[in-house]
Amino acid sequence: MSPGFILPDDDDVFAPVASAPTADATPAPAAAPAGPAATVLVVGTQAAAADGSYQSLITLLSDEGKVGVEKQMVDRIVDGATTFLPSQFTLISLLLPPTLITSTLVSLLEPALAPGGALQIRGDAAESGDVAGELRMVGLAGTTTDGV
């Protein structure tokens with residue numbers, strides 16, 4: 001079964017967490033949180049962190065009982081400062097503007113999505129036809145408008 005993507009139909013607002021940049025020159029796989037292995041990845045921007053939507057999404061997913069919510073900023077992923085293990089996540093939730101959800105980003109994230117996992121698009125990007133096209137371009141199949 002191919003991983004799919006979810007386009008929520010709600011207008012929930014989620015909040016960010018500020019992330020301090022590191023001086024690491026060599027990308028390393030993202031560390032799993034203490035305790036259970038991370039099964040959810042939330043990717044956001046500094047703007048989402050500043051307006052509180054990133055942290056709200058993290059809290060929402062944590063409150064839904066998702067085990068191990070890992071948090072990353074999109075620039076660290078695109079710049080190669082963070083990498084992920086294959087099939088590491090059952091859910092990857094993107095809280096990004098439509099212009100940042102590109103086939104390049106999705107190609108970096110897709111190997112970390114477990115078989116049968118879902119790529120969830122949140123915020124303004126959920127309504128973007130361009131985003132759906134980018135997802136299809138990298139071979140992600142299946143669309144739903146149900147929120148998670």
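The model is predicted: local features require pLDDT of at least 70 and side-chain atom pairs count only at pLDDT 80 or more, while totals for chains, interfaces and linings use all residues. Residues are numbered from 1 along each chain as its sequence is written, and side-chain values use heavy atoms, with hydrogens and water left out.

**Overall architecture**

- The chain has five helices and eight strands, where helices (H or I, at least four residues) and strands (E, at least two) are DSSP runs numbered from the N terminus.
- In sequence order, these elements follow the pattern β-β-β-α-α-β-α-β-β-α-β-α-β.
- Of the 148 residues in the chain, 43% are buried; buried means under 20% relative accessible area, exposed over 50%, and partly exposed in between (1.4 Å probe, protein chains only).
- Among contacts (heavy atoms within 4.5 Å) between residues at least 6 apart in sequence, 85% join residues at least 24 apart.
- The chain exposes about 7,200 Å², of which carbon and sulfur atoms supply 56%; accessible areas come from the Shrake-Rupley method with a 1.4 Å probe, and for residues only the protein chains shown count as cover.

**Strand pairing**

- Strand 3 and strand 6 run parallel and are joined by four bridges; two strands pair if DSSP finds at least two bridges between them.
- Within these two strands, Val-40 stands opposite Leu-91 of strand 6.
- Strand 3 also pairs with strand 4 in the parallel sense, over five bridges, and Val-43 has Gln-72 of strand 4 as its bridge partner.
- Strand 6 pairs with strand 7 over six bridges, again in the parallel sense, with Leu-94 opposite Ile-121 of strand 7.
- Strand 6, helix 4 and strand 7 form a right-handed β-α-β unit; a crossover is right-handed if, with the strands pointing away from the viewer, the path from the first strand over the helix to the second runs clockwise.
- Six of the seven residues of strand 6 are buried, so this strand is largely enclosed by the rest of the structure.
- Strand 4 is mostly covered, with four of its five residues buried.

**Nonpolar cores**

- A nonpolar core is a set of buried Ala, Val, Leu, Ile, Met, Phe, Trp, Tyr and Cys residues joined through side-chain atoms within 4.5 Å.
- The largest nonpolar core has 22 residues, among which Ile-92, Leu-94, Ile-101, Leu-109, Leu-119 and Ile-121 touch the most other members.
- Two or more residues of this core come from each of strand 3 (40-44), helix 3 (74-78), strand 6 (89-95), helix 4 (103-109), strand 7 (113-122) and helix 5 (129-137).
- Leaving aside residues up to four places away in sequence, Ile-92 touches Leu-41, Leu-109, Ala-112, Leu-113, Ala-118, Leu-119 and Gln-120.
- A second, separate core of 13 residues includes Val-42, Ala-49, Ile-58 and Val-69.

**Helix 2 and its surroundings**

- Helix 2 (residues 53-63) has Ser-53, Tyr-54, Leu-57, Ile-58 and Leu-61 as its buried residues.
- Viewed down the helix axis, the buried residues of helix 2 fall within an arc of 140 degrees, so they line one face of the helix; the arc is that of the directions from the helix axis to the C-beta atoms.
- The cover over these buried residues of helix 2 includes strand 3, helix 1 (46-51), strand 4 (69-73), strand 6 and strand 7.

**The loop at Ser-128**

- Ser-128 lies in the loop between strand 7 and helix 5 and counts as buried at 15% relative accessibility.
- Ser-128 and Thr-99 are 29 residues apart in sequence, with a C-alpha to C-alpha distance of 9.6 Å.
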